[in-house]
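Visitor: I have a model open on my screen and would like to talk through how its parts are arranged. Could you walk me through it?

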Amino acid sequence: MKLRCERDALVEALATASRATASRGGALPVLSGVRLEVAGSELKVAGCDLDLTIETSVGITNGADGVAVAPGRLVVDIVRSLEAGAVLLEADEEEMRISSGRAAFAVRLYPADDFPRLPVRDGQALSLPAADLAAALRQVVPSAATDDTRPMLTGVLMTSESGSGLRLVATDSYRLAKRDIPGASVLAEGQRVLVPARALSELQRVISTAEQLTVRLGATDAGFEVGNVVLTTRLIEGDFPNYNQLIPSHYPNRLVVSRETLAEAVRRVRLLVRDATTPVRMSLRDGSIGLRVETQEVGQATEEIDAKYEGSEMTVAFNPSYLIDGIEAAGGEEVVIEVLDALKPATIRPTEGEDYLYLLMPVRVP
């Protein structure tokens, strides 16, 4: 295998594919590698950890067909460190030689036959505006669990219900985010698929500057194509929680407040938080909100901000980081926070539109 490619284009292709390589201990060594295949004037690069695969391609010159699997992160670092200009890669069965200017590296390779078979693209190809999905992913993905003890909660539910278009839902059991994309029809009515949140986090990077993307949903995997990048992920098996029964149908207490003002105030009082169990207390009353954080051996912080409130005066406590996530994700100038009481889930949503909802469990405090 042999190729010549401009450094910046090569780095971008290698870095994109390497985001799917395995980094956890105990994985097969070959899964930490990137597969490079030269075919004519094109280099195809792929990374795969068995659950997630990212493939991309880049144009080359002086190519000689062949396949090699090189250590992903190491090759990215080497190529990125080179001076701008053309980079020459040559590989035999045992090592890859990387050179540019007066710099030269030789890197041991993994057996190409040990690399997983790349997924076959199947399923109907459907187009979706990239900006709509990117905005929805930013609002929903952070609410998915990162703890693998409950695999169903590490995914984002994609479903189509009651003509809502495409609906995305994620929860880690402490909070839940729901976002509708009206008019997006990539699922049949009532169809539900559970996509790993990690894959969707990587997809956000890929679609950040794209206009359209193609979605393919198979029986066991989902594929997303954006330009010359294809991201394929295994779907999670299992039943996602019945999220609809978690959302109260009526809230007697309603708060309307400037989104940025509230977010900044919570960030300030959160400076005294030293562990994940310290909540921010919100005192709800007519015309204002009182915020308070108290940490033993550190001190306390309080702040009061103007707000419109209808309902019974009460104090409710939340995890400050989760609260900020919901406020920021809602978007718009103002947010609506609706509360039943100090022990039941509250909701955060923008004042305009019904497409987004964030459900947050309160923290029990003395």
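Visitor: Which strands does helix α3 lie across?

Guide: Helix α3 (residues 130-140) lies across β10 and β15 (212-217), and runs at about 75° to β10. Helices here are DSSP runs of H or I with at least four residues and strands are runs of E with at least two, numbered from the N terminus, while angles run from 0 to 180 degrees between N-to-C directions of axes fitted to C-alpha atoms, for helices over the stretch in contact. This is a predicted model, in which local features need pLDDT of at least 70 and side-chain atom pairs count only at pLDDT 80 or more, whereas totals for chains, interfaces and linings use all residues. Residues are numbered from 1 along each chain as its sequence is written, and side-chain values use heavy atoms, with hydrogens and water left out.

Visitor: OK, and what is the strand order in the eight-stranded sheet?

Guide: The sheet is open, with antiparallel pairing and the order β6-β2-β3-β4-β17-β16-β15-β10; two strands pair if DSSP finds at least two bridges between them. Its edge strands, β6 (66-71) and β10 (125-129), each pair on one side only.

Visitor: How many bridges join β2 and β3?

Guide: Strand β2 (residues 33-39) and strand β3 (residues 42-48) pair over six bridges in the antiparallel sense, and valine 34 stands opposite glycine 47 in β3.

Visitor: Switching to α5, which of its residues are buried?

Guide: In α5 (residues 259-269) the buried ones are Arg259, Leu262, Ala263, Ala265, Val266 and Val269, where buried means under 20% relative accessible area (1.4 Å probe, protein chains only). Seen down the axis of α5, these residues fall within an arc of 165°, so they line one face of the helix; the arc is that of the directions from the helix axis to the C-beta atoms.

Visitor: And how do α5 and α6 run, parallel or antiparallel?

Guide: Their axes come within 10 Å and cross at roughly 160°, and α5 and α6 are therefore roughly antiparallel, a label for angles over 145 degrees. On the α5 side, the residues making the contact include Leu262 and Arg267, and on the α6 side they include Leu323 and Glu328, contact meaning heavy atoms within 4.5 Å.

Visitor: Last one: is tyrosine 356 buried or exposed?

Guide: Tyrosine 356, which lies in strand β26 (residues 356-360), counts as buried at 3% relative accessibility. Its C-alpha atom is separated by 8.6 Å from that of alanine 136, 220 residues apart along the chain.

Conventions:
Buried means under 20% relative accessible area, exposed over 50%, partly exposed in between (1.4 Å probe, protein chains only). Angles under 35 degrees count as roughly parallel, over 145 as roughly antiparallel, 65 to 115 as roughly perpendicular and the rest as oblique.
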